[in-house]
Amino acid sequence: MPFPGGLWWLLCCRQGFTLLRRDYGEADREADGEEEEEEEASFELRAQRDQGSLEVSLSQPTRSSSGSERSLLVAEEMRSLIVEKGPEPVEDDPDALIKGWLQREVRGGVKTPWIRPRKYWFVLTPDSLDYYSSNEKGARRLGSLVLTSLCSVLWPDKQTYKETGYWSVTVFGRKHCYRLYTERLKEAVRWVCAVQKVIDSKAPVQTPTQLLMRDVEEHCGSPEVLEQIYRCNPILRYTSSPLYAPLLPFPYGSLDQSAPGPRSYTALRDEAVKLFNSLQQLESERDPVPLMQGVLQTCLDLPPLVDEIYCQLVKQTTEPPAPGGQGDLHYWQLLTCMSCTFLPSPPVLRFLRFHLDRTESRFPASEMAEYACFIREALGKTKGRECVPSLEEILVLMRRQEMICTVHCPGAPACSVAISSHTTAQEVAQELVSRLGLSQSPNLFALYEQSRRREHPVGSATLLADVLTRFENLAGEEREQDPPCRLCFKHYGFLDTDNVPRDSLEFALLFEQAHEMVLRGYVPTSEETLQTLAALRLQSLNSDFSTHAPFPRLEELFPPQVLHARLPAPCHRPPAKCRGARLRAGLLAGGLWGQALAKQRAERDQRLRGRLREEGASTMAAILEKWKLLQGMGRPEAMAAYVALVREWPGFGSTLFDVDVRASPVGAAPQRLWLGIGAKAVSLYKPGEPEPLDSFCYSRISSFGASDSGTFRISVEDRDLLFETSQVEEIAQLLNTYLASAAARQPPLSPEPTPSPAASDPTALPRGLCPTAGPWQHQPPVGSFHSQPGARCGPAGCS
């Protein structure tokens, strides 16, 4: 039933009055709202020109419920920061730096073009950004944003212009922000530059905590004065009340949108207040470890909050109600974890050291004093972390103990090494080299991270605590059947493979790494030789053939890709070219026809699995027959025969990397090759072929380096070779290691510099280590690239 005409007229009038009230009545509401926001005094802001006296007498900030008190505080703040303006016209204001008509909020634009935009008259002065109802004499000032050094302004962005048709200028203040809009880009840029110039001209803002930290540092030799400072300023002492503002200054509206991980953060000031609430929860937590790790992760994602958390922890551990109680010890335990993870700025560090000395002097022979001593030692070693401490590390730090790290050695029992939060891979590698009797070996060793997907060396300067944290994170992401990540001690580079004693542990390491190369398919040889190698492996494990001997899986003896290569390749129908054919194929894929196709695929996969089992059984039978022929051969002889067979391949002793090389025609598909880095040369192999395509001695290489994050460049005489790989850093590290070792063993004949990119300090490389980074030569990006995973590390040395 249609509405009567009178009812339609009433609805239209009501809608029109609603729009008018929103456009013209909003100014009064905004002004009242901003006055309410300004009623909350900023207890923490002080200009640097104000010198703090000895008795600052600052109490913990609380929210006052008295409107008259709040109005009085705001009035005093406004009078101290803004000069009162007389009744003269707004346009004649002598303090105005820039003025003009701007929109406070967008009321028109692309999305709602039928609503008339609402404009205000804005005036920028050296102290504030004000806006009025008009530019006439006696116009009412609707709002004012006080500008300090903590304010910030955002430049106009194209996204807002595309959505609204206006260029935006956002100015962040203490309690609110102004989002201004204009139709002209030049005008928006002019306002941004002017506001930023005013902000830059302001003196840096200091909080009462910063002023008191300076007073404490100045009077650290006067115990009576220090006690007076702490007694008269509750902001330095423990509090059970919430914190409504951070202890240190943070820019207004500084959002951190680039923090890694799935967590999203608000403004730094808000995050600082939230963290203090989290700290107060520690007092009653029965298991504070997850909460501690969350606080540490926030500090890692938002580095500016590190000093704030240090100040909050110092505050909460100063004169607590129950010194040495459970809640107080939780604060000290978190402070211990912070000291092993982050290093504060110099002013906060000096204040923290004073707090530790004061605690030890006031509570000697207490658990708090022991924590203070541990923290002081940790601060002298901390240099920054890549990851926050793991749950296990936090538990160890709470007891002020060391962690036990397990390092696996191929062909030898696993080694347990005691490490701290500051132990590097270099220190552990040196300890293992000494413990395993490898000090006299000319070859290089390193720690490796091993997982199901990849294996790569650990840099010498890498903290093992960070590696263990990554293992803990990966353990929660991987499936149950996946093997856990682990640390392994292996050869990193071979400088001499001929003189390794057969009865030494180093030869056992060489044998195990050669077997890993075989299983990964990086020893191109015949199937007959691979079966012989598998038989030698069984002889080294179980001695002579016996039906009761444990049989490893075939995948642990024979490369599985060889068996898969015997299977027939699956038939793939060419994709339909015309649109009608694709549509018919899509319709047939559903319904009964789709079910039939799925059944055919399942039957085909079942046949392939059966064929694979048959091939595996025949291969295992051949291996067993060869194993029976080795009766009477001892384990050392079997290992030596195994290594001798592998050494017949010319590429034995090099570290292989999967790389892609672009063909000559533009747009051609890349060619997969092996890049072998050896002690004497760099070689290129086609996968599956024993002979190298090309080989370059280091004397022919003029330079090498990363063209970009996924392309590695090697300059050989008059040509550049570009390799697309995700292992750019590993390749550069290994090249620098071999060049540094060669320079250490054979000093240059002439003092003139050579074009070879040798390391800057070859003698500084200790034995048994993988360098953190090499002095590569970075060049502009060249060509296209796509990352390919997987460096395959075998024994390194070149024939």
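Tutor: With a term: contact means heavy atoms within 4.5 Å. Keep in mind that this is a predicted model.

Student: Which residues of α11 meet α13?

Tutor: From α11 they are Asp328, Leu329, Trp332, Gln333, Leu335, Thr336 and Ser339. Their partners in α13 are Glu367, Met368, Tyr371, Ala372, Phe374, Ile375, Ala378 and Leu379. By class, this contact has 10 nonpolar, 3 polar and 2 charged residues.

Student: How is the packing of two helices described?

Tutor: By the angle between their axes and the distance between the axes. Here α11 (residues 326–339) and α13 (residues 367–379) pack at about 10°, with axes 9 Å apart. Angles under 35 degrees count as roughly parallel, and α11 and α13 are therefore roughly parallel to each other.

Student: Which residues of α13 are buried, and what do they pack against?

Tutor: In an α-helix, residues three or four places apart point the same way. The buried residues of α13 are Met368, Ala369, Tyr371, Ala372, Ile375, Ala378 and Leu379. They pack against α10 (305–316), α11, α12 (346–362) and α14 (391–398).

Student: What is the span of α13?

Tutor: Its 13 residues reach 18 Å from the first C-alpha to the last, close to the 18 Å expected.

Student: How many disulfides are there?

Tutor: A disulfide is a covalent bond between the sulfur atoms of two cysteines. A search of the whole structure finds 0.

Conventions
Residues are numbered from 1 along each chain as its sequence is written. This is a predicted model: local features need pLDDT of at least 70, side-chain atom pairs count only at pLDDT 80 or more; totals for chains, interfaces and linings use all residues. Side-chain values use heavy atoms; hydrogens and water are left out. Axes are lines fitted to C-alpha atoms, for helices over the stretch in contact, and angles run from 0 to 180 degrees between N-to-C directions. Helices (H or I, at least four residues) and strands (E, at least two) are DSSP runs, numbered from the N terminus. Angles under 35 degrees count as roughly parallel, over 145 as roughly antiparallel, 65 to 115 as roughly perpendicular and the rest as oblique. Ala, Val, Leu, Ile, Met, Phe, Trp, Tyr, Cys and Pro count as nonpolar, Asp, Glu, Lys and Arg as charged, and the others, Gly among them, as polar. A disulfide is a pair of cysteine sulfur atoms within 2.5 Å. The expected span of a helix is 1.5 Å times one less than its number of residues. Buried means under 20% relative accessible area, exposed over 50%, partly exposed in between (1.4 Å probe, protein chains only).
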